[in-house]
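Please look through the model shown here before turning to the report. The text is meant to be read alongside the sequence and the coordinates.

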Amino acid sequence: MLEQQFIAYNSFIHGLDPRIKLVQAFILSVILALCSSFPTLAAGIVGAMIFYFLSRLPMQKLLSRLLVINTFIFFLWAVLPFSYPGETVFSLGPLSASREGLYLAMQITLKANAIMIIFIALVSTIPVPTIGYALQQLGLPEKLTYLLIFSFRYIFLLEEEKNRLLRSLKVRGFRPRTNLHTYKSYACLLGLILVRSWDRAEQVHKAMLCRGFQGKFYSLYKFSMTKNDFFFFLISSIGALLLLMLEFVL
Amino acid sequence: MKLISLKNISFAYPGGRTLLEELNFDLNSGEQVGIIGPNGSGKTTLVHIIMGLIKPLSGQIEIFGQEINGEKDFQKIRPRIGFVFQNADDQLIYPTVLEDVAFGPLNLGYSPDKAKELARATLARLGLSAFEQRLTHHLSGGEKKLVSIATVLVMQPEALIFDEPTTALDEQTREKLIQIIGELDIARIIISHDYDFLAQTTKKQYLMNKGRLVFDPSVVMHKHVHVHPLGHVPHKHEE
Ligand SMILES: Nc1ncnc2c1ncn2[C@@H]1O[C@H](COP(=O)(O)OP(=O)(O)OP(=O)(O)O)[C@@H](O)[C@H]1O
Ligand SMILES: [Mg+2]
């Protein structure tokens with residue numbers, strides 16, 4: 001997230017209006033979250049992969065992202081089938097796996113991966129500040145928008161601050177162990193980071209006042225929609241409708 | 001004309017010692033003033049008082065010939081005095097450089113297009129055009145400093161205040177800064193511990209001493225760049 005490694009590419013998807021991408025990512029993930037039939041979810045995965053290929057991001061990076069989320073899902077597979085009541089499919093010693101539990105785990109796996117791929121293709125291809133402005137134009141309150149934008153600016157400084165403090169602990173011979181001294185040091189570190197960010201916030205506010213800030217933010221960017229955006233919106237809305245039909249009509 | 005005039009300013013932080021005591025100071029138009037003094041002597045505090053970021057315990061402040069009372073007055077004069085903070089990270093608030101430089105003009109009521117144009121022109125003037133779309137946190141310390149100066153110059157101020165502009169600058173960036181400041185033909189106050197820098201960028205130097213500003217020509221004894229060791233320490237060459 002912090003490195004924004006997906007924005008530095010060029011593709012059809014990268015060139016789209018960020019508002020359209022956000023709206024579609026939202027619609028599609030709500031639909032996928034509501035659906036439960038396997039044909040729908042499978043179609044969801046296929047659709048997500050189409051977005052993904054249109055965004056021309058490297059496969060290896062996608063897989064490494066998916067690996068993270070699927071590690072969590074792995075634990076679901078280890079627990080759900082054995083704890084969910086239903087018809088027994090097979091048994092491991094005293095534990096018996098239920099068909100319903102297996103279905104549920106499978107559903108969650110498909111949903112999570114489809115939504116993840118859609119977000120990687122549509123949302124992670126927008127720079128974070130732009131996400132902020134796009135959300136603002138979609139009706140997000142101004143204060144929340146700028147909270148997002150400033151967080152993105154200053155989170156790096158906090159990380160730097162943390163690294164600097166950790167380094168200063170290390171050069172003085174600090175090695176983390178499981179003892180009271182370690183916990184105390186970490187507590188101090190956290191406290192210091194907190195105090196310094198408070199100080200920083202105060203300084204930043206002063207600097208903003210000096211530059212004529214009077215409580216109102218103005219955005220430099222306007223978005224404009226092109227034929228491509230319209231086309232994309234139409235096609236992916238039809239896709240969304242098809243998913244709904246697969247789920248509820250057929 | 002007096003741009004800035006401080007009369008009998010006193011200040012102490014809550015629970016702290018008296019930092020400024022009955023301090024008087026004038027900055028006339030076109031004047032270029034340096035302030036030097038030990039760490040913790042209250043230099044930063046003083047310029048924050050001028051900008052209305054800290055309220056003095058007593059004393060009067062007149063800026064551009066008008067008495068300043070309260071936040072409303074300060075809001076009017078702040079854009080006309082460019083203030084470059086000691087720490088550039090405090091000044092750069094947006095993730096990208098262009099947006100940051102455009103922040104001031106937008107606050108002044110310029111349209112987004114006009115603000116962008118002004119920002120671009122200022123960046124170009126400082127030789128920073130290549131940074132426009134860069135992410136602020138990817139800039140080096142020196143680059144951040146130059147961008148923070150751009151964020152101030154873009155507002156076309158009538159006076160400038162720099163708080164220790166040379167800290168953490170390498171020799172080359174320092175030279176560039178001297179050149180940039182030299183090309184600006186407006187009144188300025190520069191706080192620095194760097195005698196040579198002050199000698200090259202200001203005409204008159206004050207010493208911050210016991211809560212007051214003292215004008216003492218012997219403070220900066222001579223104004224040439226030293227080539228011998230410890231040349232930056234004030235000293236006399238024997239006649
Ligand atoms: N917010 C604060 N609350 C309490 N005391 C403060 C605060 N800010 C500064 N001080 C104290 O006030 C004194 C003057 O600080 P100031 O930053 O004005 O010094 P300075 O002359 O700019 O020093 P330097 O050369 O180190 O930048 C210092 O002793 C400092 O510890
Ligand atoms: Mg200071």
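What follows is a report on the two chains, their interface and one residue placed there.

The model is a predicted one, and every value below was computed from it.

**The two chains**

Chain A contains eight helices and two strands, and its elements follow one another along the sequence in the pattern α-α-α-β-β-α-α-α-α-α. Chain B, for its part, has eight helices and ten strands.

For chain A, the radius of gyration is 23 Å, whereas a compact globule of 250 residues would have a value near 18 Å; the C-alpha atoms of chain A fill a box of roughly 65 × 60 × 30 Å along the principal axes. Chain B has a radius of gyration of 18 Å, and because a compact globule with 239 residues would have a value near 18 Å, the figure for chain B agrees with that rule. The C-alpha trace of chain B spans about 55 × 50 × 35 Å along its principal axes.

|---|---|---|---|
| Chain A | 38% of 250 residues | about 14600 Å² | 71% |
| Chain B | 57% of 239 residues | about 10800 Å² | 51% |

Of the contacts in chain A between residues at least 6 apart in sequence, 73% join residues at least 24 apart, and for chain B the corresponding share is 64%.

As to charge, chain A carries 24 positive and 12 negative side chains, with the centres of the two sets 9 Å apart, while chain B carries 25 positive and 29 negative side chains, with the two centres 3 Å apart.

**The interface**

Between the chains, 28 residues of chain A are in contact with 36 residues of chain B. The area buried between them is about 3000 Å², and carbon and sulfur atoms give 59% of that area. On the side of chain B, the three residues B:Asp90, B:Ile93 and B:His137 supply 19% of the area that chain B buries against chain A, which is more than any other three residues supply.

**A:Gln203**

A:Gln203 lies in helix H7 of chain A, which covers residues 180-210. Apart from neighbours within four places in sequence, A:Gln203 is in contact with B:His48, B:Phe85 and B:Asp90. Within chain A, the C-alpha atom of A:Gln203 is separated by 46 Å from that of A:Phe74, a residue 129 places away along the chain.

Methods
Residues numbered from 1 in each chain as written. Chains lettered and ligands numbered in written order. Predicted model: local features only at pLDDT ≥ 70, side-chain atom pairs only at ≥ 80, totals over all residues. Heavy atoms only, no water. Helix = DSSP H or I, 4+ residues; strand = E, 2+ residues; numbered from the N terminus. Rg over C-alpha atoms; globule rule 2.2 N^0.38 Å. Buried < 20%, exposed > 50% of the residue type's maximum accessible area, 1.4 Å probe, protein only. Contact = heavy atoms within 4.5 Å. Areas by Shrake-Rupley, 256 points an atom, 1.4 Å probe, with all protein chains shown as cover. Lys, Arg positive; Asp, Glu negative; His and termini not counted. Charge placed at Lys NZ, Arg CZ, Asp CG, Glu CD. Buried area = accessible area lost by both parts, 1.4 Å probe.
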